[in-house]
Amino acid sequence: MDTRAAQLLAERHLAESLPLRWQHSQMVAATAAEYAGGIGLDPAPVVAAAWLHDVGYAPALRDTGFHPVDGARFLRREGWPDQVVDLVAHHSCSRVEAGLRGLTSELAEFEDVPGTYRDVLWASDATTGPDGTRLDVKGRVCEVVERYGRGSLVGRCMLAIAPELEAAVKRVTRTP
């Protein structure tokens, strides 16, 4: 797994057009490496997915307007391994938002594989603010809800998935 290639691809699609998203992705990748190392997990697949998890936000890659699906479709076309593609598609409990957007069948193109790799990606994203700052899950949920609005689709999703994100962080950090 080439994490450097993942970094360069994310940089090419995010750094100039979406600099805050690029900052966020850099810290998500660093956090994924830290979490994976802390539990003895091969970091390469999850760090690659962490670099690429938000690439679907890139204006040139938008198709459905739902970044997990758009990013995963792009990565599949580019020949990335299924494990990375599937992690990107299903990052941060994307099934909830896909359902509200009417994109369940599009998300179903990709396999959701529960387990440690998924937990590491979810935990890394859930503990990283939009500018790359470290947050706890509650802080991240509050930040997203404040940015998008409590009644917005994204705000409602974040509130709904918060318990799952907290559970992933606990499993990865082995906190009670």
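## Helices H1 and H2

Helix H1 (residues 3–14) and helix H2 (residues 19–38) have axes that come within 9 Å and cross at roughly 160 degrees. The model is a predicted one. Angles over 145 degrees count as roughly antiparallel, so H1 and H2 are roughly antiparallel to each other. Their crossing is right-handed.

On the H1 side, the contact is made by Gln7, Ala10, Glu11 and Leu14. H2 contributes Pro19, Arg21, Trp22 and Ser25. Sorted by class, the contact of H1 with H2 has 4 nonpolar, 2 polar and 2 charged residues.

## Helices H8 and H10

Two packed helices are described by the angle between their axes and the distance between the axes. For helix H8 (residues 116–126) and helix H10 (residues 153–173), the axes come within 8 Å and cross at roughly 115 degrees. H8 and H10 are therefore roughly perpendicular to each other. The crossing of this pair, H8 and H10, is left-handed.

Asp119, Val120, Trp122, Ala123 and Ala126 of H8 make the contact with Glu164, Leu165, Ala168, Val169, Arg171 and Val172 of H10. By class, the contact of H8 with H10 has 8 nonpolar and 3 charged residues, and no polar ones.

## Pro163 in H10

Helix H10 also holds a proline, Pro163. Pro163 has a relative accessible area of 52%. The cut-off for exposed is over 50%, so Pro163 counts as exposed.

Val137 is 26 residues away from Pro163 along the chain. The C-alpha atoms of Pro163 and Val137 are separated by 9.1 Å.

## Cysteines

A disulfide requires a pair of cysteine sulfur atoms within 2.5 Å. By this rule, the count of disulfides is 0. For Cys93, the closest cysteine sulfur is in Cys157, at 8.8 Å from the sulfur of Cys93, which is too far for a bond. Cys142 is in no disulfide either: the nearest cysteine sulfur is that of Cys157, 16 Å away.

Methods: Residues are numbered from 1 along each chain as its sequence is written. This is a predicted model: local features need pLDDT of at least 70, side-chain atom pairs count only at pLDDT 80 or more; totals for chains, interfaces and linings use all residues. Side-chain values use heavy atoms; hydrogens and water are left out. Axes are lines fitted to C-alpha atoms, for helices over the stretch in contact, and angles run from 0 to 180 degrees between N-to-C directions. Helices (H or I, at least four residues) and strands (E, at least two) are DSSP runs, numbered from the N terminus. Angles under 35 degrees count as roughly parallel, over 145 as roughly antiparallel, 65 to 115 as roughly perpendicular and the rest as oblique. A crossing is left-handed if the near helix is turned anticlockwise from the far one by less than a right angle, and right-handed if clockwise. Contact means heavy atoms within 4.5 Å. Ala, Val, Leu, Ile, Met, Phe, Trp, Tyr, Cys and Pro count as nonpolar, Asp, Glu, Lys and Arg as charged, and the others, Gly among them, as polar. Buried means under 20% relative accessible area, exposed over 50%, partly exposed in between (1.4 Å probe, protein chains only).
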